Amino acid sequence: MDIAAYMAEVGQQARDAARIMARSTTAVRNQALLAIAEILDAGRNELVMANARDLEKGRENGLEPAMLDRLELSSARIDAMIEGLRQVAALPDPIGEITGMTYRPSGIQVGRMRVPLGVIGIIYESRPNVTVEAASLCLKSGNAAILRGGSESIHSNQAIAACIMRGLEMAGLPESGVQVIRTTDRAAVGELITMPKYVDVIVPRGGKGLIERISRDARVPVIKHLDGICHVYIDGAADPGKALRVAVNAKTQRYGTCNTMETLLVDREVAESILPLLAQAFHEKGVELRGCEVTRSLVSGINTATEEDWATEYLAPVLSIRVVDGLDAAMEHINRYSSQHTDSIVTENYTRARRFITEVDSASVMVNASTRFADGFEYGLGAEIGISTDKIHARGPVGLEGLTSQKYVVFGDGHIRT
């Protein structure tokens, strides 16, 4: 296969489809989403058979059990894909919404209309259900999508792609509105991220290595985050019960997510009373603790935290703990080591809470809440395409609105500028 020629063809088809997707009605896009859900439900056997080929190949190639688990399309995961499509269909449509309409002194009316981004390229690994998640959000927001899944899930993704294409066709939308790359050749990724003529934005979903490579080499804007080095700061004015619940949940509710706490900061004022309680709770959950010198003096059996630990996203049952001298020291640590993903303060002091949310420069900043809430569904977005720590366009969980832009609209009645 001539990869460059193939990707140029995919890009041109996506660009042509994007114009049709953008002018389609909400009803038509919802019809497509519901049709895809029905087709997936009817085609369960074909999906499972295709997935079995991927699983067999994965075992032959020595994939880790955790990777095989992510790769598997179980009955429950197919159910979740179908339900996800129906949920996205039920979400409010952001396209065409006009806000901020005002009269100017000249007599014209000026407002801003929400519009699709155009063609969205999404690069992801392992999980074939991401194919449906990505396609549904792009479709609902009036965009065309080019999806490049992991090579280990090629048969599953192509089976899902066939269902998506049939659903688009049934709704009268172009099949090229959602294209899943048919080759596992990595050169396709290199082409996709360097086609600004055809692609408007790239969304990488995967490990840090993948996202770093995409961010470094792309000639197309990228919506991404690299690390999830999230903090919880227990202030001297914290309620001990809240502090214990929030910190334990932020670390142990799930270990392998980007919104899991990786460093706990504790005000010296309350460290002696609360750290032993926290250490016991984490010990019961099987979490390895690494602490600063003060932490280690207050709780026995804790390993020494190094400079590298403060800058590490563990994605594992490991936690760094540091005792700090108040709010300013906590914010200084966070703004130095945080990946600007999610950071939380536990405090009953309103003034300190306001300072924290004002001065901590992260995509999500919380008061008396677990960092695990940094999620599109929990924020009421319905679903998310990923998390962005960028400061331009989309920041935080990226849902339907994050896959749109705004343009100015002006209404006049023969007005001219003098």
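His 393 is placed in the loop between β14 and β15 (396–398); helices (H or I, at least four residues) and strands (E, at least two) are DSSP runs, numbered from the N terminus. At a relative accessibility of 47%, His 393 counts as partly exposed; residues are called buried under 20% relative accessible area, exposed over 50% and partly exposed in between (1.4 Å probe, protein chains only). The phi angle of His 393 is near 70°, a positive value in a residue other than glycine. Most residues other than glycine have a negative phi.

The model is a predicted one, in which local features need pLDDT of at least 70 and side-chain atom pairs count only at pLDDT 80 or more, while totals for chains, interfaces and linings use all residues. Residues are numbered from 1 along each chain as its sequence is written, and side-chain values use heavy atoms, with hydrogens and water left out.

A positive phi is also found at Asn 368, a residue other than glycine, where the angle is near 55°. Asn 368 belongs to the loop between β13 (364–367) and β14, and Asn 368 is partly exposed, with a relative accessible area of 27%.

Strand β14 (residues 386–388) contains Ser 388. Is Ser 388 buried or exposed? With a relative accessible area of 1%, Ser 388 is buried. Its side chain reaches the backbone oxygen of Ala 394 at 2.8 Å. This is a polar contact, that is, a pair of N or O atoms within 3.5 Å; within protein, one must be able to donate a hydrogen and the other to accept it, and residues adjacent in sequence count only if both atoms are side-chain atoms. Not counting residues up to four places away in sequence, Ser 388 touches several residues, including Ile 223, Lys 224 and Arg 395; contact means heavy atoms within 4.5 Å.

Thr 183 lies in the loop between β5 (178–180) and α8 (187–192). A polar atom of the Thr 183 side chain lies 3.0 Å from the backbone nitrogen of Asp 185. Beyond its neighbours within four places in sequence, Thr 183 is in contact with Met 1, Ile 3, Tyr 6, Arg 148 and Ala 188. Ala 145 is part of strand β4 (residues 144–148). Leaving aside neighbours within four places in sequence, the contacts of Ala 145 are Ile 120, Cys 138, Gly 177, Val 178 and Gln 179.

The table lists the accessibility of these two residues.

| Residue | Relative accessible area | State |
|---|---|---|
| Thr 183 | 13% | Thr 183: buried |
| Ala 145 | 0% | Ala 145: buried |

The chain as a whole has 15 helices and 16 strands. Why does the radius of gyration of the chain agree with that of a compact globule? With 418 residues, such a globule would have a radius of gyration near 22 Å, and the chain has 24 Å, which agrees; the radius is taken over C-alpha atoms, and the globule rule is 2.2 Å times the number of residues to the power 0.38. The C-alpha atoms fill a box of roughly 70 × 65 × 35 Å, taken along the principal axes. Buried residues make up 52% of the 418 residues. Among contacts between residues at least 6 apart in sequence, 72% join residues at least 24 apart.
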